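User: I have a structure open here and would like to go through it with you, bit by bit. Could you help me read it?
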Amino acid sequence: MPDVVWPAISAGDGAASLGILSQLESTQWLSPDRLLELQLSQLEVLLRHAYASVPHYRQVWGGLYDPSAPLTQERFSRLPKLTRRELQENFETLKSGSIPPAHGSVAEARSSGSTGSPVRVLKTQVTQLMWNAITLRDHVWHRRDLSGRLAAIRHGVPTGEFAGWGTATHGLVATGPSAVLGVKEDIDAQLHWLQGQQPAYLLTYPSNLRELLKRSRELGVLLPTLREARTFGEVLPEEVRELCRTAWSVPVTDVYSAEEIGYIALQCPQQEHYHAQSEGVFVEILDEHGRACAPGEIGRVVVTALHNFATPLVRYELGDFGVGGVPCTCGRGLPVIRRIMGRTRNILQSAAGKRYWPSLGSHGFPEIAPILQHQFVQKSLDLLEARLVTRAPLTAEQEGNLRRHILSGLPAGFRLNFVYCDRIARSAGGKYEDFVSEVSLPAQG
């Protein structure tokens with residue numbers, strides 16, 4: 001296929017997916033240097049196309065980009081980052097005026113808008129093929145028995161029962177059936193539905209999985225046929241992995257993706273960290289000065305989708321924070337993302353100007369008070385609001401103990417208000433965040 005130099009794509013969706021998967025089976029073992037070399041070869045084609053056919057890049061790159069010069073990582077890093085706000089405001093000028101015909105049909109995709117800032121992009125058959133191939137890689141890595149029943153509890157897709165697992169496996173392998181339930185159903189109703197489905201695999205959001213696990217432990221409900229819980233769409237707290245092991249005796253496998261980009265990283269089949277999907281996306285983790293972070297340092301995640309020639313997203317700043325890692329002992333050359341840490345709005349900021357990833361001791365709540373659901377909202381630099389759904393009204397002693405427990409995880413000087421709710425709703429996109437800051441953070445370079 002023209003304009004795709006790596007990985008090569010053959011004709012026909014099924015054949016193409018298998019062809020890409022075959023290459024992925026080999027490229028995962030390449031050295032980091034060889035992977036970077038191949039990424040730069042694909043980036044070179046993408047950047048020339050973007051500069052020639054996308055008005056936004058033609059304007060903002062100016063003298064920073066020379067399409068006749070060989071692309072290096074250093075030259076690439078000079079290009080300005082694309083923010084989410086810019087994508088929202090410049091959708092029309094970020095569209096290519098000359099999408100390669102060989103990339104197939106074009107469709108518009110929209111993010112869920114869980115942060116209140118939905119975005120739109122155009123995608124092609126090529127981007128769908130890469131999604132399908134990396135989905136297959138995820139199944140292979142985690143040795144799933146595709147003949148099993150898949151149950152999904154999520155937002156934004158048709159509900160009901162279906163003959164297969166979806167587009168990635170359709171026409172390639174005879175999978176077991178699948179069933180989908182909307183995530184806004186009550187947790188007890190979800191648990192009852194799962195008991196009826198008796199799935200081998202469950203796919204849902206981390207926050208929803210946590211509530212299912214807590215409730216199933218309270219009721220003594222087991223899912224004896226379940227082999228794996230799969231999560232996506234939100235940050236996965238470590239406590240959910242441990243809770244799943246103790247409550248259901250199965251592991252949790254997470255993926256890191258974004259609607260506008262596609263897959264960013266898959267969980268390693270041998271570790272609980274992630275491998276960037278270098279064949280489909282170029283991932284940077286950058287410090288506040290725009291420099292690459294060393295392993296173990298927290299930085300902003302910046303990504304470039306290698307095969308979207310319809311709405312090229314070059315050095316796109318997702319708004320997420322992450323921590324890179326050292327090369328994995330599994331032997332794969334794919335870069336390690338040790339931890340995904342959420343978005344700017346998930347950072348706690350103190351009056352002294354320091355920033356923290358909030359750790360408010362929620363794993364200890366059941367021993368203190370009958371809390372069913374919680375959410376923390378930072379209202380100002382010294383005020384935190386705890387929104388609580390409780391099984392019964394808290395006593396003065398319980399509230400006092402809970403206050404001391406939460407404040408012990410906060411910088412000195414914070415005040416805490418309790419707000420009692422009947423229910424804490426998910427966002428319009430079906431997602432849920434334990435901690436949200438309404439305090440604006442200063443911009444970083």
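User: Let's start with Thr83, is that residue buried, exposed or something in between?
Analyst: This is a predicted model, and in it Thr83 is partly exposed, because its relative accessible area is 30%, which falls between the 20% limit for buried and the 50% limit for exposed. Thr83 belongs to strand S1, which covers residues 82–83.

User: What does Thr83 touch, if I ignore its neighbours within four places in sequence?
Analyst: With those neighbours set aside, Thr83 is in contact with Tyr316 and Glu317. Tyr316 also turns up among the residues with the most contacts inside the largest nonpolar core.

User: And how far is Thr83 from Gln373 in space?
Analyst: From C-alpha to C-alpha the two are 33 Å apart, and in sequence Thr83 and Gln373 are separated by 290 residues.

User: You mentioned a core, so how many residues does the largest nonpolar core have?
Analyst: The largest nonpolar core has 91 residues, and those with the most contacts inside it are Trp61, Leu202, Trp248, Ile261, Tyr316 and Leu318. Its largest share, nine residues, is supplied by helix H2, which spans residues 32–53. There is also a second, separate core of 18 residues, with Leu360, Ile368, Leu394 and Leu416 among its members. As background, nonpolar side chains tend to be buried together in soluble globular proteins.

User: Back to Glu317 then, which side chain does it make a polar contact with?
Analyst: The side chain of Glu317 is joined to that of Arg300 by a polar contact of 3.2 Å. Arg300 sits in strand S13, residues 298–305, and it counts as buried because its relative accessibility is 12%, below the 20% limit.

User: Is strand S13 as a whole enclosed or open?
Analyst: S13 is largely enclosed by the rest of the structure, because seven of its eight residues are buried.

User: Which strands does S13 pair with?
Analyst: S13 is joined to strand S12, residues 281–286, by six bridges, and the two run antiparallel; within that pairing, Val283 has Val303 as its bridge partner. S13 is also joined to strand S14, residues 316–324, by five bridges, again antiparallel, and there Val302 stands opposite Glu317.

User: Changing topic, how much space lies in the second largest pocket, and what lines it?
Analyst: About 780 Å³ of space lies in the second largest pocket. Its lining has 32 residues, of which Gln73, Val283, Glu284, Ile285 and Pro335 are the closest to its centre. Helix H2, helix H4 (73–77), strand S12 and strand S15 (336–343) each supply at least two residues of that lining.

User: H2 again! What is Ser53 in that helix doing?
Analyst: Ser53 has its place in H2, and its side chain reaches the backbone oxygen of His49 at 2.8 Å. Ser53 counts as buried because its relative accessibility is 13%. Leaving aside neighbours within four places in sequence, Ser53 is in contact with Lys95, Ser96, Gly97 and Ser98.

User: Last one, how does strand S19 pair with S18 and S20?
Analyst: Strand S18, residues 371–380, pairs with S19 in the antiparallel sense over eight bridges, and a hairpin joins S18 to S19 through two residues. In that pairing, Phe376 has Ala386 in S19 as its bridge partner. On the other pairing, six bridges join S19 to strand S20, residues 415–420, and these two run parallel, with Leu383 standing opposite Arg415 in S20. S19 itself, residues 383–390, is mostly covered, with six of its eight residues buried.

How values were computed
Residues numbered from 1 in each chain as written. Predicted model: local features only at pLDDT ≥ 70, side-chain atom pairs only at ≥ 80, totals over all residues. Heavy atoms only, no water. Core = buried A, V, L, I, M, F, W, Y, C linked by side-chain atoms within 4.5 Å. Buried < 20%, exposed > 50% of the residue type's maximum accessible area, 1.4 Å probe, protein only. Helix = DSSP H or I, 4+ residues; strand = E, 2+ residues; numbered from the N terminus. Polar contact = N/O pair within 3.5 Å; in protein donor to acceptor, adjacent residues only side chain to side chain. Pairing = 2+ DSSP bridges. Contact = heavy atoms within 4.5 Å. 1 Å grid on protein atoms, 1.4 Å probe; cavity = no way out; pocket = protein on both sides within 12 Å on 5 of 7 lines; lining within 4 Å. Points joined across faces, edges and corners; volume = space filled by probe spheres on them.
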